[in-house]
Amino acid sequence: MIIIMEKGATDENIQKVCTRLEENGFQIRVNRGELLTVIDALGDKSSVSEDRLLALDGVKEVKHIREPFRLASRDRKPDDTVITFPNGVSIGGNKSVVTIAGPCSVENYEGLIEVAHAVKEAGCEFLRGGAFKPRTSPYAFQGYGEEALKFLKRAGDETGLLTVTEVMDAQDIELVANYVDVLQVGARNAQNFKLLKALGKINKPIILKRGLSSTITEFLLAAEHILYNGNPNVILCERGIRSFDSHYTRNVADIASIPVIKKLSHLPVIIDPSHATGQRYLVEPVAKAGIIVGADGVMIEVHHNPETALSDGNQSLSIPMFKNVMNNVSSLKNKICYNKETFCADMN
Ligand code: PEP
Ligand code: MN
């Protein structure tokens, strides 16, 4: 349950409620928001009556959380989670739309640094690139592992871009976290609970992709595993889901999931139009659609020579195409402003 304190509640009022809850075996978290303080209480509801809590000074409301994803829920934490990196870049709260771009896989340093300089120049904040690749076939390129992580770190240091890469196995977390700023959980691992739990124990932000066939509830419960294990910095990534028609699009870009998640959860949400569609020409329209319905960021695959890419060449943009998409997306961003009441952007 959550206890919402009155606007003018004093520290003493808050402390008293906390003590009462703790005496009754609740695990509590106090969220001091701009307007309100909300006390988050996990425990056995039957051990303390709602009336007794309401009788305490400064208590405005006692609400019972219905969603199973308790920590990810907006009921429990009304204010948006904003993740701020040491270089000042932040993601969340619809403050700005960040861009994460780079190749599907890190293939060599020359190609990576060429893309890194281009995406930096185009205004991106993050460089992505896979070192450990989850491939459907064991015969497909599996990624260059630690060597690729070293390239990513070097390119990040050289350009000042923050770096993102996927971690597939709990055993690799420490290694990957040594090289990059953000760890990604891929769609195929969205319900690898051992991995999610282990990522809860580190303090680097996590990009969690939606599973190939995850419902929104399953997606938020996957995030819940990371939050419950202690890491509050989770960024949700809508990357499309499987459906019956993959003839023209690789997946179905579930654009509506973004406002649904914004309503249900305080966590930042980004859109990945590359994996959601699998087609170069659909990257710009789906990126724009995601931004209009409130995405806090966009993840796009870019390759120095898509025709030779070792993975996802079809959906990867060339550098000139990417610059063009970024220009068009930036001019859209400058014309709109996200409205938290309607869950979509209005014209400026
Ligand atoms: C990727 O980002 O390259 C990737 C494999 O994505 P997903 O897990 O969404 O398929
Ligand atoms: Mn890819």
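Isoleucine 3 touches Val17, Leu21, Thr37, Val38, Ile39, Ala41, Leu53, Val59, Glu61 and Val62, not counting residues up to four places away in sequence; contact means heavy atoms within 4.5 Å. This is a predicted model, in which local features need pLDDT of at least 70 and side-chain atom pairs count only at pLDDT 80 or more, while totals for chains, interfaces and linings use all residues. Side-chain values use heavy atoms, with hydrogens and water left out; residues are numbered from 1 along each chain as its sequence is written, and chains are lettered from A and ligands numbered from 1 in the order in which they are written.

**Isoleucine 3**

- Isoleucine 3 lies in strand β1 (residues 2–5); helices (H or I, at least four residues) and strands (E, at least two) are DSSP runs, numbered from the N terminus.
- Isoleucine 3 is buried at 0% relative accessibility, where buried means under 20% relative accessible area, exposed over 50%, and partly exposed in between (1.4 Å probe, protein chains only).
- Between the C-alpha atoms of isoleucine 3 and valine 17 there are 8.6 Å, with the two residues 14 apart along the chain.

**Manganese site**

- Cys104 (SG), His275 (NE2), Glu301 (OE) and Asp312 (OD) coordinate the manganese ion (ligand 2) at 2.0 to 2.4 Å.
- Donors are N, O and S atoms within 2.8 Å of the metal (3.2 Å for Na, K and Ca); water is not among the atoms, so sites may look incomplete.
- The spacing of the donor residues of the manganese ion (ligand 2) in sequence is C-x170-H-x25-E-x10-D.
- Cysteine 104 lies in the loop between β7 (98–102) and α3 (109–121) and histidine 275 in helix α9 (residues 273–277), so the pair ties together parts that are 171 residues apart in sequence.
- Cysteine 104 is buried, at a relative accessible area of 3%, and histidine 275 is buried at 8%.

**Largest pocket**

- The volume of the largest pocket is about 260 Å³.
- A pocket is defined on a 1 Å grid over the protein atoms alone, as an open set of points where a 1.4 Å probe fits, with protein on both sides within 12 Å along at least five of seven lines; lining residues have an atom within 4 Å of a point.
- Grid points are joined across faces, edges and corners, and a volume is the space filled by probe spheres set on the points.
- Its lining holds 19 residues, of which Pro134, Arg188, Arg250, His275 and Asp312 lie nearest the centre of the largest pocket.
- By class, this lining has four nonpolar, five polar and 10 charged residues (Ala, Val, Leu, Ile, Met, Phe, Trp, Tyr, Cys and Pro count as nonpolar, Asp, Glu, Lys and Arg as charged, and the others, Gly among them, as polar).

**Asparagine 189**

- Asparagine 189 is placed in the loop between β10 (182–185) and α6 (193–199), and is buried with a relative accessible area of 11%.
- Neighbours within four places in sequence aside, asparagine 189 is in contact with Glu166, Met168 and Leu195.

**Aromatic pairs**

- The structure holds three aromatic pairs; rings of Phe, Tyr and Trp (its six-membered ring) pair if their centres lie within 6.5 Å, and planes under 30 degrees apart count as stacked, over 60 as edge-to-face and the rest as tilted.
- One of them joins phenylalanine 85 and phenylalanine 126 edge-to-face, at 5.3 Å centre to centre and 75° between the planes.
- Phenylalanine 85 is in the loop between β5 (83–84) and β6 (90–91) and phenylalanine 126 in strand β8 (residues 126–128), 41 residues apart.
- Phenylalanine 85 is buried at 6% relative accessible area, and phenylalanine 126 is buried at 2%.
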